[in-house]
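Open the model in your viewer and keep the selection tool at hand. The stops below say what to select next and what is there.

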Amino acid sequence: MSEEDRWLLPEGIEEALPELAERLEYYRRRILDLFHRWGYELVMPPFIEYLESLLTGTGHDLGLQTFKLTDQLNGRMMGVRADMTPQVARIDAHSLKREVPTRLCYLGTVLHTRSDDFAGTRSPLQVGAELFGHSGPDSDIEIVNLALETFAVAGVRDLYLDFGHVGIYRGLAKEAGLDAEREAIFFDCLQRKSIPDIEHYLDTWQLASGPAGRLRALVELHGGQEVLDEARQVLAGSEASVLEAFDYLERVTGAVRQRHPDLKMHFDLAELRGYHYQTGMVFAAYVQGRGQEIARGGRYDHIGRVFGRARPATGFSTDLRTLVDLVVDETIAPPPAVFAPADDDAVLERAIAELRQAGTPVIRALSGQQGDARAMGCRQELRQRDGDWVVVPLD
């Protein structure tokens, strides 16, 4: 590496310089204060854990996104967290062991082996909230509403939510008699929305006409509110689990719409994000003009089973950097700093302490330093007048 390249950061790894760091901290506080008002307790999982717990129940994709290394103390494999949700599930199931519904929130850096479509970086600043110990629609409704409040607090505008339910596809696949291999093949076709491949496999497998027709129709069931009316007709005659999943989706989205009547909603019953991880309703948030989702969430029951407690769970997460990037109409201006001379004076010390206690930044001059008050970013300074120190504008 040449001397000029010595300070380059790895691809997809960013640092926050003062202006951005100030904005990130401003919104971090606003979001965590919001979570606190909703009763969500802050937890701080470790940056690195043993792989057995870090990747439990998360599926193959997260394993590929996780940096792995060997613990030099015992030879066991460890991973740098690529998602904090499994860690929070471990805390709920193993560390807290509560019987009542538990609300937890978190914020911290995660590390990915490669950039993804979610945050577009390899080091997202993940923030999220999880609700454990309740399996009904009320908890999913709360999580969706909390996500919407989070976007509002962050100043994100022109967003819409995309909803689905993995139970619908799981039920249709079971109804059609698909084994694990065929279910995975058809899942891939749905994600690519490849109608020719869907037709090919359904014809080749020679499934019963009813289940095959419903699976075939699944790829077309996407759009606005009218999709739910169409889906109700298409799914008529399905097994009970399919209809229950659909009813659940309607109940959750209906409650959200009642609270947010102007919210734009999109439905895609073939969009199965987190299929190997999620167990029920799923949702993602998008903003106009941005193709990638800015947040994702949904239900992921039983992830805590490996930690000894299979608790129902639902939650959402987003990237704080992404939210801050979307805010273009709000200026975060810290209080202007006051410059104080390098003077050994007890009265000056008290004046500086009082200003800092009141929230005013004070930059103390250093003996022999380069640069004056303006060069240090100050627009005011402490000057001595009649034996006292007062704040005055710079000349």
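Are F186 and W205 buried or exposed? Select both residues. F186 is buried, and W205 is buried too. Keep in mind throughout that this is a predicted model.

**Stop 1: the aromatic rings**

Stay with the two rings. A pair of aromatic rings is described by how far apart the centres lie and by the angle of the planes. Planes under 30 degrees apart count as stacked and planes over 60 as edge-to-face, with the rest called tilted. The centres of the F186 and W205 rings are 6.4 Å apart and the planes stand at 50 degrees, so this pair is tilted. Now colour the helices. F186 belongs to helix α7 (residues 180-192) and W205 to helix α8 (residues 195-205). The pair links distant parts of the chain, with 19 residues from one to the other.

Ring pairs join Y169, F186, Y201 and W205 into a cluster. The model has 10 aromatic pairs counted in this way.

**Stop 2: a charge over a ring**

Next, select Y50 and R76. R76 lies over the face of the Y50 ring, at 3.7 Å from the ring centre.

**Stop 3: the sheet of 3 strands**

Show the strands β2, β4 and β3. In that order they form an open sheet, and the pairing is antiparallel. Which strands stand at the edges? They are β2 (48-50) and β3 (67-70); each has a single partner strand, so one side of each has no neighbour in the sheet. Neighbouring strands here are turned by 35 degrees against each other on average, direction ignored.

Zoom in on β3 and β4 (residues 77-80). These two pair in the antiparallel sense over 4 bridges.

**Stop 4**

Select β5 (residues 102-109) and β6 (residues 125-132). They pair in the antiparallel sense over 8 bridges. T102 stands opposite F132 in β6.

How values were computed:
Residues are numbered from 1 along each chain as its sequence is written. This is a predicted model: local features need pLDDT of at least 70, side-chain atom pairs count only at pLDDT 80 or more; totals for chains, interfaces and linings use all residues. Side-chain values use heavy atoms; hydrogens and water are left out. Rings of Phe, Tyr and Trp (its six-membered ring) pair if their centres lie within 6.5 Å; planes under 30 degrees apart count as stacked, over 60 as edge-to-face and the rest as tilted. Buried means under 20% relative accessible area, exposed over 50%, partly exposed in between (1.4 Å probe, protein chains only). A charge sits over a ring if NZ of Lys or CZ of Arg is within 6 Å of the ring centre and within 35 degrees of the ring normal. Two strands pair if DSSP finds at least two bridges between them. Axes are lines fitted to C-alpha atoms, for helices over the stretch in contact, and angles run from 0 to 180 degrees between N-to-C directions.
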